[in-house]
Amino acid sequence: MTAPWRATVLTLFPEMFPGPLGISLAGKALASGLWAVEARDIRASATDKHRSVDDTPAGGGPGMVLRADVLAAAIDTADAPRAFPRLLMSPRGRPLTQSRVRELATGPGALIVCGRFEGVDQRVIEARQLEEVSIGDYVLSGGEIAAMALIDACVRLLPGVMGKAESGSEESFSESLLEYPQYTRPQAFEGRPIPEILTSGDHAKVAAWRKAEAEALTRSRRPDLWTKRQGPRKNTTDG
Ligand code: SAH
């Protein structure tokens with residue numbers, strides 16, 4: 001058996017892991033050894049007698065900043081293989097996408113640094129070449145929940161984790177499209193029937209309906225995705 005996909009998480013709150021990742025799909029995969037998580041306490045790398053990990057921002061301003069020396073030591077002592085991408089969860093990062101998730105899931109794992117307070121000293125980001133990753137345009141109180149979101153998205157794509165191989169390929173974002181609406185029994189719910197086509201047994205018609213629904217949804221809700229999808233196809237017409 002090949003080595004399991006591995007998340008090495010650097011955090012001030014290692015007790016938060018695996019947390020929700022220990023339950024349901026990700027939890028079963030964790031228990032069966034398809035992936036592994038090691039949460040390491042950044043504070044263990046503090047050197048002064050107060051075990052301090054943060055200090056006031058240079059130049060003034062509110063809050064505290066995670067120290068570069070402490071964080072660098074935590075990164076250096078985490079025995080994550082050199083091939084691991086080194087990620088820093090950060091609202092300033094490049095927004096996480098399903099295609100980046102797919103890349104990460106295909107690799108051996110990731111080293112994930114969780115910020116706290118006002119963030120981390122810029123010099124450690126540069127010196128340890130951390131890739132800043134955001135999970136959206138809003139601010140969390142720490143990187144742990146962001147790291148869990150990233151890990152969850154990766155783990156469900158690992159071979160053997162999801163039941164059906166194709167359930168990852170048709171869902172939202174797979175072709176810059178949002179997923180079509182889903183229905184299940186009962187046949188009528190509060191007077192609303194399941195769209196007739198879905199119970200017709202005509203697979204070609206079902207596929208066409210789903211594609212049209214996915215396109216309409218994407219167009220109205222996510223014009224940004226829609227433009228991206230149209231992009232490469234437009235090369236012969238307008239510019
Ligand atoms: N002062 C910072 C926010 C710090 S929030 C700023 O304005 O950019 C504290 C920590 O939470 C961050 O260091 C980061 O690790 C995490 N975090 C907050 N929002 C996040 C987001 N949208 N994506 C990823 N991590 C986030």
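**Exercise 1. Find which residues Thr218 is in contact with, leaving aside its neighbours within four places in sequence.**

Step 1. Contact means heavy atoms within 4.5 Å. With those neighbours left aside, Thr218 touches Ser176, Leu177, Leu178, Pro223, Leu225 and Trp226.

Step 2. Before going on, note that this is a predicted model, where local features need pLDDT of at least 70, side-chain atom pairs count only at pLDDT 80 or more, and totals for chains, interfaces and linings use all residues. Residues are numbered from 1 along each chain as its sequence is written, and side-chain values use heavy atoms, with hydrogens and water left out.

Step 3. Now place the residue: Thr218 sits in helix H6 (residues 203–221). Helices here are DSSP runs (H or I, at least four residues), as are strands (E, at least two), numbered from the N terminus.

Step 4. Look at the side chain of Thr218. One of its polar atoms lies 2.9 Å from the backbone nitrogen of Leu178, and a polar atom of that side chain is 2.6 Å from the backbone oxygen of Ala214.

**Exercise 2. Decide whether Thr218, Phe117 and Glu190 are buried, partly exposed or exposed.**

Step 1. Recall the cut-offs: buried is under 20% relative accessible area, exposed is over 50%, and partly exposed is in between (1.4 Å probe, protein chains only).

Step 2. Thr218 has a relative accessible area of 0%, so Thr218 is buried.

Step 3. Phe117, at 39%, is partly exposed. This residue lies in the loop between strand E6 (109–114) and helix H4 (122–127), and its phi is near 55°, a positive value in a residue other than glycine.

Step 4. Glu190 has 69%, so Glu190 is exposed. Its loop runs between E8 and strand E9 (192–193), and its phi, near 45°, is also positive in a residue other than glycine.

**Exercise 3. Describe how helices H3 and H5 pack.**

Step 1. Two packed helices are described by the angle between their axes and the distance between the axes. Axes are lines fitted to C-alpha atoms, for helices over the stretch in contact, and angles run from 0 to 180 degrees between N-to-C directions.

Step 2. For H3 (residues 98–106) and H5 (residues 143–155), the angle is about 70° and the axes are 8 Å apart. H3 is therefore roughly perpendicular to H5 (under 35 degrees is roughly parallel, over 145 roughly antiparallel, 65 to 115 roughly perpendicular and the rest oblique).

Step 3. Val101, Leu104 and Ala105 of H3 meet Leu150, Ala153 and Cys154 of H5.

Methods: Polar contact = N/O pair within 3.5 Å; in protein donor to acceptor, adjacent residues only side chain to side chain.
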